[in-house]
Amino acid sequence: MLAFRLGRTGHKNLYNTNAVEGEKGDLTQLTNGPWSDTLCNWSPDGGWIVFASDRHNPGSGSFWLYIIHPNGTGLRHLIHSGSAGRTNHPWFSPDGKHIVFTSDYAAVSAEPMSNPHHYQPYGEIFTMKLDGSELTRLTHNSFEDGTPRWGPKFMKPENIEWSIDEEKCSLEDSEWLAISNRVVINEAKIQCGG
């Protein structure tokens, strides 16, 4: 099965269909209203679809998270964002017990001041249990943290060694903006700024 947003009615609602047959097969409308339901993700067991929606205030640009069963029943609000804020990019953990997402839930992001040409500041990355409990903030910085995804399995952290002759870059928040591209003898190379 495939879940997706479709604007067929003039509004962006959720549908699901057979992933092989597409619209030639059964097309089931899950949500119906004058709002935008978007960024949907299936739970690993197929029992739930999590998504972002502005159904609480259509057209406002403020998105909250909801879950629904694939047959259109069981709609439940999970978490809201600040006034006119965004809570987006939900993704189920591999065990289906948690959801990772981006939100300005912790307050207004400093991003518009630190990076004024950046569109749609999402805020920080959070996780929570499927029932909305155990809200945990994973990031805290002044840049956009967006589109988080769980890895398919635990990957053991490894130390990465730098070559002795290779210039080192620091990726601290304030320094990554100093990285620039420089062409060196027909070869693009990332040069650390300073």
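Trainee: Over how many bridges do strand β5 (residues 49–53) and strand β6 (residues 64–68) pair?
Mentor: This is a predicted model, in which local features need pLDDT of at least 70 and side-chain atom pairs count only at pLDDT 80 or more, while totals for chains, interfaces and linings use all residues. Residues are numbered from 1 along each chain as its sequence is written, and side-chain values use heavy atoms, with hydrogens and water left out. Helices (H or I, at least four residues) and strands (E, at least two) are DSSP runs numbered from the N terminus, and two strands pair if DSSP finds at least two bridges between them. For β5 and β6, the antiparallel pairing runs over five bridges.

Trainee: Which are the edge strands of the open sheet formed by four strands?
Mentor: The order in this sheet is β4-β5-β6-β7, with antiparallel pairing. An edge strand here pairs on one side only, and this applies to β4 (37–42) and β7 (76–79).
The average twist from one strand to the next is 30°, with axes fitted as lines to C-alpha atoms (for helices over the stretch in contact) and angles running from 0 to 180 degrees between N-to-C directions. The edge strands are thus named as β4 and β7.

Trainee: How are the rings of F51 and Y66 arranged, stacked or edge-to-face?
Mentor: The structure holds three aromatic pairs; rings of Phe, Tyr and Trp (its six-membered ring) pair if their centres lie within 6.5 Å, and planes under 30 degrees apart count as stacked, over 60 as edge-to-face and the rest as tilted. The pair links F51 in strand β5 with Y66 in strand β6, 15 residues apart. Both F51 and Y66 are buried, a term for under 20% relative accessible area, with exposed over 50% and partly exposed in between (1.4 Å probe, protein chains only). Because the ring centres lie 5.9 Å apart and the planes meet at 20°, the pair is stacked.

Trainee: How many residues apart in sequence are the parts that F101 and F126 tie together?
Mentor: F101 and F126 form a stacked aromatic pair, 5.8 Å centre to centre with 15° between the planes. F101 is buried at a relative accessible area of 0%, and F126 also counts as buried, at 4%. Since F101 lies in strand β9 (residues 98–103) and F126 in strand β10 (residues 124–129), the parts tied together are apart by 25 residues.

Trainee: Which residue lies over the face of Y66?
Mentor: A charge sits over a ring if NZ of Lys or CZ of Arg is within 6 Å of the ring centre and within 35 degrees of the ring normal. Over the face of W48, at 5.5 Å from the ring centre, lies R76. Over the face of Y66, at 5.4 Å from the ring centre, lies R55.

Trainee: What is the order of the open sheet formed by three strands?
Mentor: Strand β1 (residues 2–6) pairs with β2 in the antiparallel sense over five bridges, with L14 of β2 as the bridge partner of R5. Six residues separate the strands of this hairpin, where G10 takes a positive phi near 95°. On β2 and strand β3 (residues 27–29), three bridges form the antiparallel pairing, and T17 has L27 in β3 as its bridge partner. With β1 and β3 as the edge strands, the order is β1-β2-β3.

Trainee: Why is strand β2 described as largely enclosed by the rest of the structure?
Mentor: From β2, N13, Y15 and T17 point one way, L14 and N16 point the other way, and all are buried. The strand (residues 13–17) is therefore largely enclosed, since its buried residues number five of the five.

Trainee: What share of the residues in the chain is buried?
Mentor: The chain contains one helix and 13 strands. It exposes about 12,100 Å², of which carbon and sulfur atoms supply 53%, by the Shrake-Rupley method with a 1.4 Å probe; for residues, only the protein chains shown count as cover. Of the 194 residues in the chain, the buried share is 34%.
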